[in-house]
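User: I have a model open and want to learn how to read it. Can you take me through it feature by feature?

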Amino acid sequence: MKIRPAVLITWPRHLDFPICRYNLTRFKDYFSSIWIAISDHYVENQDISNFIRAQLPFANFVEVVRTRDDWRDDAVNNLLDKTTNEKYILFLEQDFLIKDSTFFDKVFKEECDFICYKEGTRIHPAFA
């Protein structure tokens, strides 16, 4: 059985990732949904979040409510609060580059308890 996870991405409101936008558009059918947390990194006068929203109209966007010093923890928790009905969750970072759909055909081929990218002994949040 092929799995279709909900994708969760934290996205700084002042940065664009054209290849990530391209890949999300190209591979969106491999996911049950795409959730992007727009995170404020206090970069003044550089908010391109409206552009990102317009480029990814099929994605769900979440404004991050900051409650801690750790912006990523806040962003991830805000995303998880929105995806309560999802069976599978995929944490994805913009710099995790995917060449073509054969990647997903292999990785999402069958159910597993946990799939991740490892950097040495570290489970990297770029793909987990």
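Analyst: Start with charge. This is a predicted model. The chain carries 17 positive and 20 negative side chains. The centres of the two sets lie 6 Å apart.

User: Which side chains go into that count?

Analyst: Lys and Arg count as positive, Asp and Glu as negative.

User: Next, the fold. How many helices and strands does the chain have?

Analyst: Four helices and six strands. Then read their order. From the N terminus, the elements run β-α-β-α-β-α-β-α-β-β.

User: How do I judge the overall dimensions? What radius of gyration does the chain have?

Analyst: Compare the value with what a compact globule would give. For 128 residues that would be near 14 Å. The chain has 15 Å, which agrees. The C-alpha atoms fill a box of roughly 45 × 30 × 30 Å along the principal axes.

User: What share of the residues is buried?

Analyst: Buried means under 20% relative accessible area. Of the 128 residues, 41% count as buried. Now turn to the surface. The accessible surface comes to about 7800 Å², and carbon and sulfur atoms hold 50% of it.

User: And contacts along the sequence?

Analyst: Take contacts between residues at least 6 apart in sequence. Of these, 76% join residues at least 24 apart.

User: Now single residues. Where does Thr83 sit, and is Thr83 buried or exposed?

Analyst: Locate the residue, then check its area. Thr83 lies in the loop between helix H3 (71-82) and strand S4 (89-91). Its relative accessible area is 5%, so Thr83 is buried.

User: What does the side chain of Thr83 reach, and which residues does Thr83 touch?

Analyst: The side chain reaches the backbone oxygen of Leu79 at 3.2 Å. Leaving out residues up to four places away in sequence, Thr83 touches Leu8, Trp35 and Ile89.

User: Let me try another loop residue. Where is Gln46?

Analyst: Gln46 is in the loop between strand S2 (33-39) and helix H2 (49-55).

User: How do I class Gln46, as buried, partly exposed or exposed?

Analyst: Use the cut-offs: exposed is over 50%, buried is under 20%, and partly exposed falls in between. Gln46 has a relative accessible area of 43%, so Gln46 is partly exposed.

User: Which residues does Gln46 touch?

Analyst: Arg13 and His14, again not counting residues up to four places away in sequence. Gln46 and Arg13 are 33 residues apart along the chain, with their C-alpha atoms separated by 7.5 Å.

Terms used. Residues are numbered from 1 along each chain as its sequence is written. This is a predicted model: local features need pLDDT of at least 70, side-chain atom pairs count only at pLDDT 80 or more; totals for chains, interfaces and linings use all residues. Side-chain values use heavy atoms; hydrogens and water are left out. Helices (H or I, at least four residues) and strands (E, at least two) are DSSP runs, numbered from the N terminus. Buried means under 20% relative accessible area, exposed over 50%, partly exposed in between (1.4 Å probe, protein chains only). A polar contact is a pair of N or O atoms within 3.5 Å; within protein, one must be able to donate a hydrogen and the other to accept it, and residues adjacent in sequence count only if both atoms are side-chain atoms. Contact means heavy atoms within 4.5 Å. The radius of gyration is taken over C-alpha atoms; the globule rule is 2.2 Å times the number of residues to the power 0.38. Accessible areas come from the Shrake-Rupley method with a 1.4 Å probe; for residues, only the protein chains shown count as cover. The place of a charge is taken as NZ of Lys, CZ of Arg, CG of Asp or CD of Glu.
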